[in-house]
Amino acid sequence: MERIPILKMGRCLLVSIQVDMDDRTAMTLQDDLTAQIVKHHARGVLIDISSLDVVDSFIGRMLANTAAMARILDADTVVVGMQPSVAITLVELGLSLKGVRSALDVERGMELLRKIANDQAEKADPDADQEE
Amino acid sequence: MQIKKSETLSVRSSAEVVGVRQAVRKWAIEVGFSLVEQTKVVTAASELARNMIDYGGGGAMRMEALDDGLRRGLRLHFEDQGPGIPDIPAALRDGFTTGGGMGLGLGGAKRLSNEFEIRTAPGEGTHITITRWKGVS
């Protein structure tokens with residue numbers, strides 16, 4: 001069975017799904033991601049789906065569940081690069097991916113994760129010096 | 001109505017669902033579907049193929065490339081010998097599931113198709129036919 005590689009960059013985990021996943025591969029990715037979040041104390045997860053030309057209800061559910069599990073483990077998830085035809089089809093299918101943050105590309109996704117991390121740091125320590 | 005060509009694929013494992021998606025994509029491109037039309041029919045096929053595995057004990061998909069002189073299209077038949085669907089309106093309702101899914105498969109596949117037909121009876125399996133025509137939204 002294929003396994004989707006997970007890259008660690010600072011406190012973020014990066015995944016780029018480049019293959020048409022079967023359901024078992026998708027479930028394995030979900031399990032691997034949650035394990036890696038805990039192992040690396042990750043605060044952010046970025047999932048690039050720009051190579052996926054189909055997202056059906058199973059993959060959609062995997063993305064939503066991963067985001068929900070990550071949230072419980074104190075990490076934020078951003079899904080990036082969804083193709084327009086996939087977005088149109090997902091909504092017609094009835095899947096709105098509520099609770100999943102999205103960005104147009106990897107760059108904007110990383111920016112969003114950084115912003116979320118900064119906002120949280122600020123909330124935790126409102127008097128801290130802003131050095132950015 | 002002329003059936004230009006037809007092919008049958010076995011649908012018994014999640015790897016074969018991937019095969020269904022790839023075969024439907026290939027035919028959808030040959031028929032001349034737009035990218036959105038391709039994505040819709042491939043997604044519908046993926047839902048129905050998975051349903052056959054989850055609820056029908058696996059089955060087969062028959063693809064037909066259609067040409068009725070005016071329009072070109074793709075018709076997909078999903079046939080299993082499973083327990084059948086006792087209550088079709090309930091099964092078509094979003095959120096209804098007897099398995100572990102989200103209950104979007106059947107209703108979603110119907111919305112993504114131009115024509116949708118279901119023939120089923122308890123103990124007699126399920127035969128679902130979807131059709132998508134090029135240029136029909």
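User: What should I know about the model and the numbering first?

Analyst: It's a predicted model, so local features need pLDDT of at least 70 and side-chain atom pairs count only at pLDDT 80 or more, while totals for chains, interfaces and linings use all residues. Residues are numbered from 1 along each chain as its sequence is written, and chains are lettered from A and ligands numbered from 1 in the order in which they are written.

User: How many helices and strands are there in chain A?

Analyst: Chain A has four helices and five strands. Helices (H or I, at least four residues) and strands (E, at least two) are DSSP runs, numbered from the N terminus. Starting at the N terminus, the order in chain A is β-β-α-β-α-β-α-β-α.

User: And how compact is chain A?

Analyst: As compact as a globular protein of that length, because its radius of gyration is 15 Å, close to the 14 Å that the globule rule gives for 132 residues. That radius is taken over C-alpha atoms, and the rule is 2.2 Å times the number of residues to the power 0.38. The C-alpha trace of chain A spans about 45 × 30 × 25 Å along its principal axes.

User: What share of chain A is buried?

Analyst: 36% of the 132 residues of chain A. Buried means 20 or more other C-beta atoms within 10 Å of a residue's own, exposed means 12 or fewer, and partly exposed is in between, with C-beta atoms placed from the backbone.

User: OK, over to chain B. What's the strand order in the sheet?

Analyst: It's an open sheet of five strands in chain B, ordered E1-E2-E3-E5-E4 with antiparallel pairing. Two strands pair if DSSP finds at least two bridges between them. E1 and E4 (115–120) of chain B are the edge strands, each pairing on one side only. From one strand to the next, the twist averages 15°.

User: Which helix packs on the sheet?

Analyst: H2(B) does, touching E1, E2, E3 and E5 (126–133) of chain B, and its direction makes about 10° with that of E3(B). Axes are lines fitted to C-alpha atoms, for helices over the stretch in contact, and angles run from 0 to 180 degrees between N-to-C directions.

User: How many bridges join E1 to E2 in chain B?

Analyst: Nine, between E1 (residues 2–11) and E2 (residues 59–67), which run antiparallel. B:Leu9 faces B:Met61 across that pair. E2(B) also pairs with E3 (residues 72–80) of chain B, antiparallel and over nine bridges. There B:Met61 is opposite B:Phe78, and B:Ala65 is opposite B:Leu74.

User: Which residue in the E2(B)–E3(B) hairpin has a positive phi?

Analyst: B:Gly69, near 95°, and the hairpin has four residues between the strands.

User: What about non-glycines with a positive phi, what is the phi of A:His41?

Analyst: A:His41 is near 50°. A:His41 lies in the loop between H1 (23–40) and E3 (44–48) of chain A, and counts as exposed because 10 C-beta neighbours lie inside 10 Å. A:Asp74 is another, with a phi of about 70°. A:Asp74 is in the loop between H2 (57–72) and E4 (76–80) of chain A. Most residues other than glycine have a negative phi.

User: Switching topic: how many residues of chain B are in contact with chain A?

Analyst: 24 residues of chain B, against 18 of chain A. Contact means C-beta atoms, placed from the backbone, within 7 Å. H2(B) gives the most to the chain B side, with nine residues. That side divides into nine nonpolar, nine polar and six charged residues. Here Ala, Val, Leu, Ile, Met, Phe, Trp, Tyr, Cys and Pro count as nonpolar, Asp, Glu, Lys and Arg as charged, and the others, Gly among them, as polar.

User: And the largest nonpolar core, how many residues has it?

Analyst: 60, and those with the most contacts inside it are A:Val45, B:Val24, B:Ala45 and B:Ala49. H2(B) gives the most to this core, with seven residues. Such a core is a set of buried Ala, Val, Leu, Ile, Met, Phe, Trp, Tyr and Cys residues joined through C-beta atoms within 7 Å.

User: What does B:Ala45 touch?

Analyst: Leaving aside residues up to four places away in sequence, B:Ala45 touches B:Val20, B:Arg21, B:Val24 and B:Leu76.

Terms used:
Contact = placed C-beta atoms within 7 Å.
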